[in-house]
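Please keep the sequence and the model in view while reading.

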Amino acid sequence: MNIKSNKLSTTLTALSLITASAFTVSASHAATQNEVQVTAVDFEGLDDNLYGARYVRYLDEVSGNSGAYLINPYLQRVSSLSGGYANLDGIDVFNLGSTFYLDDTWMIAVEGAHSKFDDEFSEEDYTNIDFKVGFNLSRQWQIGAGVIYQRATYDFNAGGQSYSESENETSPLVFTRYTTVGNGGTGWDFTAQYIADDVDVLSGSARYFFSPGLSVQGSYSYTNAPDGFDNVKAAGVSLDYWVNEQFSVSASYETDIDSDVDSDVASLTASYRF
């Protein structure tokens, strides 16, 4: 996995997580099977912001009577299908995803994103597919493994001549998740993931739920670059607040640390379940 494709993977993974938008809010408890999401993201150094939307269809009802609203689909092991679209500086990004829980033991998740960029000098296509299989050692602890497949195709026009180039990368990964959140909706939710390749990536997060609707997360990632490139260290923080079990707003901020390059990313999001 080279630096360019790793940045693509990070961007597409972020895009596959886009959320937002406001609708009429109900104060009563609701069992929902749909979620609509939109987002606005500001990247340091880019003139244009990212805007996107996503729809999630839960294959069973997500109950708001217990647990933490944000992660109830995981706590309740509810399978889902999703699709979304985002645009950044004229680049269209489409994503599809699915998560299936096989009883209370196994999980299979597939997330894919495709983007295409065209101008008078070049045409570029990127595809990223993330496949994971998880196993629950207990109600609190999940472990798993998977692969990330990336393909990039470039067509250039220079001096009246055309050039084509493509590259493929397949990277194995392992991950784990441990949560102490129970029916009361408070507690910790920890995640960690390691991607192995010529550019290794180690990432992790810790989120604390003060109540079913209020949580704060800290995250960190470390990219071990090959010789000739600087290692990348990034840290982030996010705040997620659910007005009730249907409507939420959240904000996040991430930045490179130990680097002279400005690459701050700020986002403002919301979601609505019905």
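## Aromatic rings

How many aromatic pairs does the count come to? The count comes to eight aromatic pairs, where rings of Phe, Tyr and Trp (for Trp its six-membered ring) pair if their centres lie within 6.5 Å, with planes under 30 degrees apart called stacked, over 60 edge-to-face and the rest tilted. Trp188 and Phe190 make a stacked pair, because their ring centres are 5.3 Å apart and their planes meet at 15°. Ring pairs also link Trp188 and Phe190 with Tyr208 and Phe210 into a cluster.

Trp188 is partly exposed at 37%, and Phe190 is partly exposed at 34%.

Two rings have a charge over them, which requires NZ of Lys or CZ of Arg to be within 6 Å of the ring centre and within 35 degrees of the ring normal. The charged end of Lys132 lies over the ring of Phe175, 5.1 Å from its centre, while that of Arg177 lies over the ring of Tyr74, 3.8 Å from its centre.

## About the model

The model is predicted, so local features need pLDDT of at least 70 and side-chain atom pairs count only at pLDDT 80 or more, whereas totals for chains, interfaces and linings use all residues. Residues are numbered from 1 along each chain as its sequence is written, and side-chain values use heavy atoms, with hydrogens and water left out.

## The chain as a whole

The protein has two helices and 14 strands; helices (H or I, at least four residues) and strands (E, at least two) are DSSP runs, numbered from the N terminus. Of its 274 residues, 40% count as buried. The protein exposes about 13,900 Å², of which carbon and sulfur atoms supply 57%, the areas coming from the Shrake-Rupley method with a 1.4 Å probe, where for residues only the protein chains shown count as cover.

## Paired strands

Two strands pair if DSSP finds at least two bridges between them. Strand E10 (residues 200-211) runs antiparallel to strand E11 (residues 214-224), joined by 11 bridges, and the two form a hairpin with two residues between them. Within this pairing, Ser211 stands opposite Leu214. E11 is also joined by 10 bridges to strand E12 (residues 232-242), again antiparallel, and there Gly218 faces Val237.

Strand E14 (residues 265-273) has two antiparallel partners: nine bridges join it to strand E1 (residues 31-43), and eight join it to strand E13 (residues 247-257).

## Two residues in detail

Val38 belongs to strand E1 and is partly exposed, with a relative accessible area of 29%.

Ser79 lies in the loop between helix H2 (72-75) and strand E3 (80-88), and it counts as buried because its relative accessibility is 13%. A polar atom of the Ser79 side chain lies 3.0 Å from the backbone nitrogen of Tyr101. Leaving aside residues up to four places away in sequence, Ser79 touches several residues, including Arg57, Asp60 and Thr99, where contact means heavy atoms within 4.5 Å.

Note on methods:
Buried < 20%, exposed > 50% of the residue type's maximum accessible area, 1.4 Å probe, protein only. Polar contact = N/O pair within 3.5 Å; in protein donor to acceptor, adjacent residues only side chain to side chain.
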